[in-house]
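Reader: I'm new to this one and would like a walk through it. Could you take my questions one by one?

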Amino acid sequence: MKEMIEPKAKFPWGTLILSALAFLCAGVLVQRYVFGLGAMTNMSDGRGWGLWISFDLYCGVALAAGGFTLAAIVHIFHMEKYHPVVRPAILTAFLGYLLVVLALLVDLGQPWYIWRMIFNPNIHSPLYEVGWCVMLYTAVLALELSPAVFERLHWRIPLKIIGFIQIPLIIAGIVISTGHQNSLGSMLLIMTHSIDPLWYTPIIPALFFVSAMAVGPAMVVFEGTLSGAVFGHKISREVFTGLGRITSGILVVYLIMRLADLAVAGQLDMLFNRYPQNIYWWIEVGGGVILPIILFNIPKVQQSSKGMFIAAVLYIVLGLSLNRFIMSSIWLVIRPGYTYFPSWQEFAVSIGLVAWALMMFQIAVRLLPITKHHDEGESKSEHSAPEAAAAS
Amino acid sequence: MTNHWIDIRNADCVLIIGSNAAENHPICMKYVLQAQAKGAKVIHVDPRYSRTSARADMFIRIRTGTDIAFMGGMIYWILEDMRKNPGNYNLQYVQQYTNAAYIINSGIKLPGDEGQNGLFSVWDSTNSKYDTATWKYADPANATGESKLLTDNWSGWTSRAADEETAWGELNNNCVLKLLWRNYRRYDKATVSKITGIPQEKLEAVYAEYAKTGATGQAGTIMYAMGATQHTYAVQNIRAYSIVQLLLGNMGVAGGGVNALRGTSNVQGSTDQALLEHILPGYLKMTTDVDAHQTLAGYISNITPAATNPPGDLAGDNPVNWWKNTPKYVHSLLKAWWPDVALADSYNYLPKKRATGVNYTHMGLIEAIGKGGPDGVEGLWIWGQNPAAGGPTSLGARDALKKLKWMVASDIWFNETHTFWKRPDVDPSTIDTEVFLLPAAGSFEKEGSVSNSGRWVQWRYKAVEPPGEAIPDLDMMIQLFKRIRKLYDDEVKAGKTSVIPEPILNLSWDYSDEEEADVIAREMNGHALTADVPKSGAPGTFYEVGELIDWFNDLQPDGKTSSGNWLHCGQYTKASAADQQDYAELITVVNGIPSINKAKKRNVVDSSPSQVGLYPNWSWCWPRNRRIIYNRAAVDLNGNPWDAEHPVLAWNGTAWVGDVVDGGGNPINLAAAGSQNLPFIMNSEGVGKLWGYSLKDGPIPEVYEPWESPISNLMTAQQNDPAAYIGKLLVDGTDWNERGTVGDFPIIATTYRCTEHWQTGIMTRNLPWLAELMPKMYVELGADLADKLGIVSGDTVKVRSKRGEIHALAIVTKRFQAITVDGKEMHQVGIPWHWGYAGRVKGDSGNILTPSVGDANTCIPESKSFLCKVEKA
Amino acid sequence: MAYGVLFDGTRCIGCRACSVACKSWNENSAKVEKKTSVEGGIQGKAVVSSDTFTFMRYREIGEGDDFKWAFAKIQCMHCLKPGCETACIVGALHRNKETGAVTYDQGKCIGCRYCMVACPFGIPTYQWEDRTPWIRKCTFCSDRLNEAENGMAPACVTACPTRALQFGERDELIEEAHKRIEESKAADPAGVGKYIDHVYGEKEVGGTAWMYISSVDMTELDLPWLSEEPVTKNARTAMSLLPYYATGMLALMVGIYFITKRRQKIAAGKHEEKKG
Ligand SMILES: Nc1nc2c(c(=O)[nH]1)N[C@H]1C(S)=C(S)[C@@H](COP(=O)(O)OP(=O)(O)OC[C@H]3O[C@@H](n4cnc5c(=O)[nH]c(N)nc54)[C@H](O)[C@@H]3O)O[C@H]1N2
Ligand SMILES: Nc1nc2c(c(=O)[nH]1)N[C@H]1C(S)=C(S)[C@@H](COP(=O)(O)OP(=O)(O)OC[C@H]3O[C@@H](n4cnc5c(=O)[nH]c(N)nc54)[C@H](O)[C@@H]3O)O[C@H]1N2
Ligand code: SF4
Ligand code: SF4
Ligand code: SF4
Ligand code: SF4
Ligand code: SF4
Ligand SMILES: [Mo]
């Protein structure tokens with residue numbers, strides 16, 4: 001743990017690398033808008049969706065689920081001990097959604113026509129729902145985050161107003177965000193025969209919802225550990241252990257759903273004979289769901305930040321991200337005659353956007369009462385006000 | 001085609017041999033498939049499986065160049081089956097309508113006979129040609145017949161059911177049927193299989209299937225094209241089809257016939273108009289420098305055949321001998337060209353080509369160009385052709401072109417020939433030829449007729465204006481001649497006498513400068529020049545002067561009528577009252593008389609009572625709008641159709657109904673003596689020729705090997721067709737036409753087309769949509785061969801023959817497979833020839849590989865069978 | 001009532017006249033690719049693209065005497081329940097009930113390309129090389145069909161020399177397809193006939209306007225194996241449940257909020273008590 005906390009060097013390598021990546025991304029974006037998608041991506045008619053959809057949209061949205069989960073845990077379920085991690089989670093979520101929106105503006109063939117969405121509704125399209133939800137939820141997150149800004153600026157009246165609507169806002173946020181976590185799954189429902197049967201199921205939306213719930217606490221563990229290392233502030237072990245428990249609890253439900261779904265479809269045998277897809281399944285579910293469940297529940301692991309971190313990462317990377325990648329890319333059929341592996345520019349955009357987000361996170365944490373906020377968490381004035389307002 | 005496209009739907013069996021109908025004549029597959037839907041079997045015989053084979057019920061993989069063995073085997077199979085199961089055949093047809101029973105000169109010797117070594121009697125080795133005297137009928141004026149075959153259902157042939165030797169032994173040794181047996185008994189399935197690579201059981205299956213069409217009322221059609229004709233024994237391939245069709249009673253009937261799927265859209269028209277060196281328009285024989293052709297009378301008597309009267313039971317039947325009308329046609333032609341000149345004089349205007357010593361066909365022409373100088377050819381007018389890519393041995397042909405002083409080309413694109421002087425690897429400064437290109441209007445940019453394979457003369461109108469300075473070829477021709485004539489005129493006026501100006505000055509050529517196609521159509525039809533030309537349609541009346549002639553039988557000798565091409569006489573006539581009513585918009589007033597160009601008719605109703613798809617009022621076809629030639633063979637002696645379901649023709653007691661009857665008159669049994677017309681009116685004997693006597697390389701087909709072959713002839717010691725043309729493409733002392741051996745070039749090659757491209761490709765490689773479908777020159781080879789050579793599909797490979805080397809994209813396919821020939825495994829590969837160095841997408845031409853050798857009779861190059869070697873590039 | 005096209009593999013000669021006619025009518029440009037396809041034993045276009053709405057697919061199937069060279073024309077199937085239509089975020093893809101054509105309105109499209117992945121047949125394509133790219137696909141030549149009573153058949157159908165493509169009312173075509181299959185069986189002494197007894201597209205994914213019969217199973221021509229359920233079914237069900245979900249979630253959250261709030265207050269009171 002210690003060595004992770006220790007800054008490696010005085011020279012801001014991290015910032016430098018992040019900036020470099022961010023600027024590379026900006027350069028690539030110029031290329032994208034000047035020469036079009038074909039010039040810089042490996043996407044093709046064979047594969048109309050690439051890295052950006054899998055990573056930025058599918059993983060991005062899911063990984064930003066920390067926002068709604070933590071908000072729900074703290075403000076709805078009133079599990080106050082998690083209060084200190086709400087704001088970082090919301091900030092992460094907000095930046096995450098910003099990243100999603102930006103990525104979509106890169107990915108859309110004609111982003112300047114995005115407004116058409118407003119005038120040409122297709123209520124049957126899950127993407128329509130996702131589109132609206134992403135917009136609304138980003139706005140909600142911004143509002144949820146706004147108290148930090150107002151606090152910093154000592155703007156009392158807006159703070160009051162936000163405080164007043166905080167709970168409705170949070171509930172709206174939960175409904176909207178879980179709604180489109182669902183709908184991201186619903187989007188895949190159309191690919192009845194394109195997604196490998198090991199993953200395709202009519203309950204994809206539910207699975208997406210549950211797995212997204214699980215990722216919230218896991219992300220907090222992950223980010224908390226990292227930001228603890230970077231910014232030096234500490235989150236109590238109890239919170240981590242608790243988050244781990246919550247994650248593993250949800251994951252158990254998730255695992256049962258996955259297995260039950262296969263069992264009901266009579267496809268359990270595919271786990272053993274559908275080669276090579278089953279290998280991916282085992283890596284995803286074995287390594288990314290079952291293993292974290294076990295780890296989160298081993299007392300020794302619970303005691304170790306590293307252990308918790310690893311368990312969280314396993315789920316985030318394998319259990320969730322790999323799952324989204326598998327369904328939106330790896331085991332989604334590609335048209336005959338085509339192959340797809342992202343171009344370096346596609347990677348540059350995805351990574352660059354993350355770099356931008358990280359830098360913004362850095363700045364936000366420095367400028368706004370995000371982590372400090374929980375250090376002062378006990379100071380009544382700051383969160384009792386909204387609570388009181390909501391209660392009244 | 002003896003029949004026509006739509007008629008294919010009437011067939012009970014379709015034998016596609018030497019044609020890739022689906023790819024090269026896509027439209028005809030509509031009718032093939034219609035026949036198939038009604039139960040007809042479709043058989044495809046080809047070296048490789050193609051898009052045609054994909055639709056066939058039976059695909060027979062054959063070694064290239066072995067069709068005669070295959071067909072000979074079929075003839076033998078049929079003869080034997082006919083002997084044993086006579087009930088399965090239309091023996092009356094064979095007896096009455098073919099020369100099966102005719103007796104041939106006793107001196108006749110067959111290639112398999114003692115001491116013949118693969119040659120017929122009598123080969124004149126000094127002059128390298130046959131003396132054909134022994135091929136003729138024993139008595140040319142009145143044929144003698146094998147009487148046993150002239151009895152009812154051959155009942156006189158009493159030992160017919162005995163063993164083979166005994167049975168056949170009973171027949172006259174020199175009767176045609178026996179001669180066929182004597183020759184083709186050597187073509188047993190074991191031997192044929194060894195030569196062709198077709199397994200014996202497949203031979204049995206295909207022979208049995210096709211022979212079913214021998215039954216009375218059954219029809220089989222044979223569709224062929226370049227797979228049959230591009231061989232040194234091409235015409236004999238077609239003869240083999242004819243023999244089979246006659247034996248099976250398939251000529252003249254609906255759904256039958258020997259059907260050449262002709263090439264370019266108007267190639268039928270081009271041969272009808274004699275764009276060939278051996279004929280004048282309407283298939284009149286070309287004038288040569290032989291003594292007999294020195295005068296008009298001599299020429300006419302030389303080319304007008306005498307009738308051979310049929311023997312035995314048939315005695316009294318009238319052979320008709322249509323060509324007896326030759327004088328009418330020749331005289332009318334001369335009058336069309338030089339109306340104001342006495343016939344004997346205008347005859348002298350006709351050029352007389354040399355009868356021997358010069359080859360006027362394509363290969364001979366290129367050789368003469370290669371020779372250069374005053375002995376050769378110095379200047380070339382090239383009118384819509386691309387010999388630098390389309391002719392054989394392209395590297396040599398291209399090299400030869402540099403000897404030209406000038407070249408004038410009329411074309412719609414720059415092709416390989418026009419740009420030969422700047423082709424890759426050639427230094428333009430070393431070539432002195434001056435090249436002019438006259439931009440021509442394309443086919444949709446001009447008006448005129450196009451004759452399809454079914455002989456339908458279909459009028460087309462201009463759809464769009466030609467681009468830029470392009471004008472129709474016809475306009476070019478008209479203006480060009482006017483200027484030439486002016487030059488002559490000027491010279492005459494200037495008193496120069498070094499040239500013979502009369503043929504040019506006197507030629508009828510008073511056209512306006514543009515769009516005279518309709519006027520030319522009238523000239524081809526012909527009109528009355530005097531007031532005493534009787535009108536057979538209205539006995540006792542006469543044509544007005546200038547009135548278009550109704551049909552060619554009304555043409556007159558002695559210069560009373562003109563006709564630019566007797567075959568077209570009847571296409572453009574005085575409009576009948578019915579025509580004036582039904583086709584008012586087509587009526588043109590010619591010399592004051594309302595007339596109609598029937599090629600313009602577009603009536604989609606099949607008004608023929610028989611409903612066999614004749615569509616008599618859709619365009620017009622020669623001869624006389626007769627849709628099926630030799631249709632008289634479709635009925636029995638009483639005029640009843642053999643096939644009541646598909647009657648081309650039927651006698652209703654007083655008249656013929658259906659198609660325009662061949663030859664006229666009543667059915668044989670109901671006709672007066674002297675007009676008992678036999679069906680094959682174009683033959684001087686009036687019957688179908690199982691046995692022929694007018695080809696250069698034999699009276700019946702015999703197996704020879706291609707010039708470049710992987711084996712020695714398994715049938716006789718004579719390796720190649722003795723009369724084949726072997727080119728010598730000499731340019732500056734180098735003979736480009738070298739012959740490869742199987743040792744160096746172990747793979748059999750054939751060349752062909754694909755749907756996506758046209759000929760040398762210049763017209764399709766320039767069209768983006770077609771170019772993108774098939775941009776690359778390719779070679780197709782079997783997966784088995786490719787494995788051996790380490791080639792995978794998509795590789796670039798080198799294909800070499802003794803005459804050159806090309807690079808091509810390898811298409812490895814299961815459609816090509818090894819065959820077993822004479823016990824040895826052999827591979828064949830397929831090479832298209834649609835590429836060249838001009839145009840939008842480029843590639844090597846398959847013709848770089850092909851040899852300059854040609855058919856004994858027509859000199860068509862043998863581009864379907866040669867040897868090569870394939871390597872990974 | 002809607003139109004359809006029946007492709008009969010036993011009538012197709014693979015001539016690609018349909019492909020060229022399509023380009024001609026739609027004024028689609030040509031592009032010579034660096035590496036041409038040699039798939040199925042023939043050189044040529046083997047994919048749909050933004051300027052190729054249809055192509056012929058060739059497959060060499062079987063060995064020896066059973067060898068077959070089979071062809072299939074690939075284009076938009078004009079599904080009765082089109083995945084692309086349900087998918088499209090802005091409703092730019094739409095099935096016309098009268099004609100059955102699923103057409104695209106570029107005036108609505110934003111370029112998300114969801115339609116491309118949502119199509120079970122892999123049909124919509126994109127103008128990747130363009131700065132302002134649009135989706136492109138076969139239109140069923142609706143601009144020809146629409147010409148009121150004077151309506152024409154699609155360009156590709158008109159060009160087909162062998163009537164391997166037949167245009168008509170979908171219901172009638174289905175009847176015709178089964179008739180051909182049955183007649184062929186009846187004509188065959190073995191009772192098999194030349195067709196595989198399946199009309200591809202009659203039922204697949206809820207039915208498609210373009211349908212196939214052939215002597216080989218269409219999956220051998222790499223048409224996807226698909227169940228009869230429309231691809232849109234699950235997604236549409238999910239979407240229709242969304243309002244219920246949202247209401248439920250809302251109620252749940254409000255409920256939990258108040259319950260836990262109370263609990264917390266009680267707990268806080270206890271705490272206070274203890275403290276005190
Ligand atoms: N698309 C297209 N259509 C065309 C043309 C074109 O260039 N492109 N050209 C037109 C012209 S001018 C012509 S003449 C016709 C030609 O029409 P086709 O004769 O059909 O043309 P090819 O493709 O040259 O040859 C036909 C078949 O003969 C086979 N073959 C080769 N050798 C032999 C053999 O020894 N025996 C047998 N039985 N078969 C053999 C070949 O494998 C090939 O499948 O097509 C006309 N139509
Ligand atoms: N190896 C091999 N070689 C072959 C064959 C084969 O099967 N194998 N087949 C042979 C056969 S059957 C044929 S027919 C020949 C064909 O050989 P060519 O006739 O030499 O070939 P094309 O490419 O048809 O050339 C026709 C030319 O006419 C031009 N043209 C088109 N329309 C017009 C017009 O309206 N007016 C004018 N003035 N020009 C026009 C075209 O642009 C083109 O340059 O090739 C033969 N060569
Ligand atoms: S190319 Fe022209 S002539 Fe040949 S089949 Fe097609 S339509 Fe007929
Ligand atoms: S085939 Fe694809 S693009 Fe065509 S209608 Fe069906 S789902 Fe839409
Ligand atoms: S790319 Fe256009 S047509 Fe396709 S789903 Fe998106 S908005 Fe609709
Ligand atoms: S229906 Fe029209 S757009 Fe579709 S493939 Fe046929 S020609 Fe092309
Ligand atoms: S046009 Fe007709 S026959 Fe030709 S490839 Fe297309 S569907 Fe097949
Ligand atoms: Mo030809």
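Predicted model: local features only at pLDDT ≥ 70, side-chain atom pairs only at ≥ 80, totals over all residues.

Reader: Which two chains share the most contacts?

Author: There are two pairs of chains in contact. Chain A and chain B are not one of them, as they do not touch and their nearest C-alpha atoms are 14 Å apart. The pair that shares the most contacts is chains A and C.

Reader: How much area is buried between chain C and chain A?

Author: Start with who takes part: 58 residues come from chain C and 66 residues from chain A. Carbon and sulfur atoms give 62% of the buried area. The total between the two chains is about 5100 Å².

Reader: Which three residues of chain C supply more of that area than any other three?

Author: We're looking at the area that chain C buries against chain A, where this trio supplies 14%. The three are Tyr114(C), Trp128(C) and Tyr257(C).

Reader: Which side chains meet in a salt bridge between chains A and C?

Author: The count between chain C and chain A is one salt bridge.

Reader: Which element gives the largest share of the side of chain C that touches chain A?

Author: Across this interface, 29 residue pairs are in polar contact, both at pLDDT 80 or more. On the side of chain C, the elements that give two or more residues are helix H2 (83–87), helix H3 (114–118), strand S6 (125–126) and helix H7 (232–275). By class, that side has 34 nonpolar, 15 polar and nine charged residues. The largest share, 17 residues, comes from H7(C).

Reader: Now for the other interface: how much do chain B and chain C bury between them?

Author: Here 37 residues of chain B are in contact with 40 residues of chain C. Of the buried area, 59% is on carbon and sulfur atoms. Trp769(B), Glu772(B) and Lys814(B) supply 24% of what chain B buries against chain C, more than any other three residues. Between them, the two chains bury about 3100 Å².

Reader: What does Lys814(B) meet in a salt bridge?

Author: The interface of chain B and chain C has six salt bridges. In the one with Lys814(B), the N to O distance is 3.1 Å. The partner side chain belongs to Glu63(C).

Reader: Which element gives the most to the side of chain B that touches chain C?

Author: This interface has 19 residue pairs in polar contact, both at pLDDT 80 or more. Elements of chain B that give two or more residues are helix H2 (28–37), helix H22 (768–773), strand S25 (778–782) and strand S27 (804–813). With six residues, the one that gives the most is H22(B).

Reader: Which residues come nearest to ligand 5?

Author: There are 13 residues around ligand 5. By class they divide into eleven nonpolar, one polar and one charged. Those that come nearest are Cys88(C), Cys109(C), Cys112(C), Arg113(C) and Cys115(C).

Reader: And which are the closest to ligand 4?

Author: Ligand 4 is surrounded by 14 residues. The shell has eleven nonpolar, two polar and one charged. The closest are Cys76(C), Met77(C), Cys79(C), Cys84(C) and Cys119(C).

Reader: Is Ile848(B) buried or exposed?

Author: Ile848(B) is found in the loop between strand S30 (828–832) and strand S31 (853–854) of chain B. Its C-alpha atom is separated by 9.3 Å from that of Ala397(B), 451 residues apart along the chain. The residues it touches include Ser394(B), Arg398(B) and Ile806(B). Because its relative accessibility is 5%, Ile848(B) counts as buried.

Reader: Why does Ser346(B) count as buried?

Author: Ser346(B) is found in helix H14 of chain B, residues 343–349. Its side chain reaches the backbone oxygen of Leu343(B) at 3.1 Å. Leaving aside neighbours within four places in sequence, Ser346(B) is in contact with Leu334(B), Trp338(B) and Val341(B). It counts as buried because its relative accessibility is 0%.

How values were computed. Residues numbered from 1 in each chain as written. Chains lettered and ligands numbered in written order. Heavy atoms only, no water. Contact = heavy atoms within 4.5 Å. Buried area = accessible area lost by both parts, 1.4 Å probe. Salt bridge = Lys/Arg side-chain N within 4 Å of Asp/Glu carboxyl O. Polar contact = N/O pair within 3.5 Å; in protein donor to acceptor, adjacent residues only side chain to side chain. Helix = DSSP H or I, 4+ residues; strand = E, 2+ residues; numbered from the N terminus. Buried < 20%, exposed > 50% of the residue type's maximum accessible area, 1.4 Å probe, protein only. Near = heavy atom within 4 Å. Nonpolar A, V, L, I, M, F, W, Y, C, P; charged D, E, K, R; others polar.
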